[in-house]
Amino acid sequence: MLTVATGNKAVAAAVKDACPSVVAAYPITPQTEIVEQIAEYVTSGELKSQYIPVESEHSAMAACIGASITGVRTFTATSSHGLHYMHEMVNWAAGARLPIVMANVNRALGPGWNIWAEHTDAFQERDTGWLQVYVGSVQEAYDATLMAFRIAEHESVLLPVMVNLDGFLLSHSMHPLQSVEIRDFIPPIHLPHAIDTANPAGYGTLTGPDQYFRFRWDIERSMRDSVNVIRETEEDFRHRFGREYHPVEEYRCDDADVVVVAMGTLGKEAEVAVDLLRKEGVKAGSMRIRWFRPFPRLDLSGRDVVVIDRDYSFGFGGVIARSLAATEGAKPFSVIAGLGGQEVTYDDIAGFVRDRRPGEEFWFGVMPDV
Amino acid sequence: MSTRMRLAISRPTRGACGKTGSWRVFRPIVDLEKCNSCGICAMFCPDAAISEDLEIDLDFCKGCGICAHECPKKAIRMEREEK
């Protein structure tokens, strides 16, 4: 069905279609509309779920953990400070191997108090064992949320998945949305270690120095296996519903001399900048990283690389730029732009490419010269 | 091992960390005169060390005292273990 929806409504629509048994959530700007819409679906009977309004994000994740460990499908949504309030439980969800799906509407961290888009909130959760996908459109927010349930619950994965969308730029802007008849796209959930009341047990119990590392390794093993599960799921999604996704969306990269790497809506903006640069005769391309965990491989060899980070790791650098330096040996022109919703246009991005200085870091709006 | 271990799960008499009963400082003593076999102690035991027949498995009971706290008949008392 074709409608017009905000990114928040698109996520809620996907949750309705995936039909989790339990949704536990706490509102926070700019995510509030997701949980409000889900509450409406539950009230109207369109979604047969237990909706648990909790008193905090820590409780929201704790409630999802308690529900998920009984073997049912669960969902929650949060943003920024809410995400970090549940940080302890975010680790627990992954360590307990629970396929919880969470939408995180990317928003900057205070102070100064700021409710606009930035990726640092979710990047700070990157080592928890959650899979993370970042979307570039309202349609993709819907599609990625549907796929997140199937990927998280796959027997080779059994890890939680975080679907990230840029605050306001996607959460509150309205785009066309084509929903799907999911039928058996998401198989029934089966959690092999679900609670069995006939066989009582203690969960996540004390695990000594002789055992703990084995469970950590199993998370990494599943993270590696998830690469194929993501590929299969995205391929089946294209086959059934016609829309194509990859861990990295390449745009006009085949003959590119310079590649712009970015995430979320900035990755989409970069595609417009590439068209502009091509008209000027610059052989530019762009790569939009969608899956941040597991971190993908990018073919950057022999090309200039311009990385735009809507995030920062203080005392270290732009997280994507430094990650690509580590995984691909890239020496990118590292642009820090879009923090706290700072406006970055395709003209600005074209400027980063024209005036690139490989190996250097550039703070947009702070430093002169670009 | 036939099934893959993803999460540390301890079961009564097969704990994830060996016989944790050796950590016990206080031992639960059940007064069978007061006990009405309601089973609340078994329900609350975090280590599932109390069986359906309300036998306490002292190999795994860490002596936390939750059973004594929850017992509506005050039929369980905690006594310091003798060294």
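**View 1. Separation of the two domains of chain A.** In this predicted model, the C-alpha centres of domain 1 and domain 2 of chain A lie 27 Å apart. Domain 1 spans 2-241 and domain 2 spans 248-363 of chain A, with bounds taken from an automatic or database domain assignment. Residues are numbered from 1 along each chain as its sequence is written, and chains are lettered from A in the order in which they are written. Local features need pLDDT of at least 70 and side-chain atom pairs count only at pLDDT 80 or more, whereas totals for chains, interfaces and linings use all residues.

**View 2. Contact between the domains of chain A.** Domain 1 of chain A contributes 26 residues and domain 2 of chain A contributes 19 residues to the contact (C-beta atoms, placed from the backbone, within 7 Å). On the domain 1 side, α6 (120-123), β6 (131-134) and α8 (212-241) of chain A each supply at least two residues; helices (H or I, at least four residues) and strands (E, at least two) are DSSP runs, numbered from the N terminus. The largest share of that side, 5 residues, comes from α8(A). By class, the domain 1 side has 14 nonpolar, 8 polar and 4 charged residues (Ala, Val, Leu, Ile, Met, Phe, Trp, Tyr, Cys and Pro are nonpolar; Asp, Glu, Lys and Arg are charged; the others, Gly among them, are polar).

**View 3. Contact between chain A and chain B.** The contact takes 18 residues from chain A and 14 residues from chain B. The chain B side comprises 9 nonpolar, 2 polar and 3 charged residues.

View 4. Strand β9 (residues 202-203) of chain A runs antiparallel to strand β1 (residues 9-10) of chain B, joined by 2 bridges; pairing requires at least two bridges found by DSSP. A:Tyr203 has B:Ile9 of β1(B) as its bridge partner.

Notes:
Two residues are in contact if their C-beta atoms, placed from the backbone, lie within 7 Å.
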